[in-house]
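Visitor: I would like to learn how to read a model like this one. Please show it first.

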Amino acid sequence: MNRSVLLLRAVNVSGRNSVPMARLREVLATDTDLADVSTYIASGNIVCATPKNPEAACSVVRSLIHEEFGVDTPVIHRTHTQLVASESAQPFPEGDVKFVHAMFLEGTPSAGAVEALGRRLLPEERLELVGNDLWIDYGSGGVHSTKLTKGVLDRALGVAGTARNLRTTRTLIELTA
């Protein structure tokens, strides 16, 4: 069976955008045609059989989350194959699995976005676009010291995205296998 992950953006972070995973699974089971649904960690990873129409599934899930929880969050789809290909091509294999992140994007970023973000990097930071996934190595300072904030990334990229560290990305690959 082909499996995928639907990635929610910025849920259950810093006490904001509360989406209880147990209730989300209940809502998805009763109000969608998604099959074999599970979730992984509270940050919003829905593992499921690959939907026939991923774009429509993302739209339905986004609407349901808004109706049920009052949270409007982009929902981004990746198949197991897409996750594997992105992780295999990620440019920072020597980076720390906690500090290397994949930012999964809804589509193609704006022209010049990567170059603009590159000008904001701290000395140990690196980034590279792999397909529609922006890989960022935050270096030893980690996410907490970067100038690549959510707002900066959103403005430069011009497309919604959600990030997972390399450890979580690899777990999602295992869960969708």
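Guide: What follows goes through the sheet, the helices on it, the core, one arginine and a hairpin.
Guide: This is a predicted model, in which local features need pLDDT of at least 70 and side-chain atom pairs count only at pLDDT 80 or more, while totals for chains, interfaces and linings use all residues. Residues are numbered from 1 along each chain as its sequence is written, and side-chain values use heavy atoms, with hydrogens and water left out.

Visitor: In what order do the 4 strands of the open sheet lie?
Guide: Strands of a sheet pair through backbone hydrogen bonds, either parallel or antiparallel. Strands here are DSSP runs of E, at least two residues, and helices are runs of H or I, at least four residues, numbered from the N terminus; two strands pair if DSSP finds at least two bridges between them. The order is 2-3-1-4, with antiparallel pairing. Strand 2 (38-40) and strand 4 (75-79) are at the edges with a single partner strand each, so one side of each has no neighbour in the sheet. Strand 1 (residues 3-8) and strand 3 (residues 45-49) are joined by 5 bridges, and L6 stands opposite I46.

Visitor: Which strands does helix 1 lie across?
Guide: Contact means heavy atoms within 4.5 Å. Angles run from 0 to 180 degrees between N-to-C directions of lines fitted to C-alpha atoms, for helices over the stretch in contact. Helix 1 (residues 21-31) lies across strands 1, 2 and 3, at about 150° to strand 2. Helix 3 (residues 80-89) touches strand 1 and strand 4, making about 85° with strand 4.

Visitor: Which residues have the most contacts inside the largest nonpolar core?
Guide: In soluble globular proteins, nonpolar side chains tend to be buried together. A nonpolar core is a set of buried Ala, Val, Leu, Ile, Met, Phe, Trp, Tyr and Cys residues joined through side-chain atoms within 4.5 Å; buried means under 20% relative accessible area, with a 1.4 Å probe and protein chains only. The largest core has 17 residues, and L6, L8, V19, L24, V61 and I65 have the most contacts inside it. Helix 2 gives the most, with 5 residues.

Visitor: Is R78 buried or exposed?
Guide: R78, in strand 4, counts as buried because its relative accessibility is 8%. Its side chain reaches the backbone oxygen of N132 at 3.1 Å. Among the contacts of R78 beyond four places in sequence are S4, F104 and D133.

Visitor: How many bridges pair strand 6 with strand 7?
Guide: Strand 6 (residues 126-130) and strand 7 (residues 133-137) pair antiparallel over 5 bridges. V130 has D133 as its bridge partner, and G131 in this hairpin takes a positive phi near 65°.

Notes. Buried means under 20% relative accessible area, exposed over 50%, partly exposed in between (1.4 Å probe, protein chains only). A polar contact is a pair of N or O atoms within 3.5 Å; within protein, one must be able to donate a hydrogen and the other to accept it, and residues adjacent in sequence count only if both atoms are side-chain atoms.
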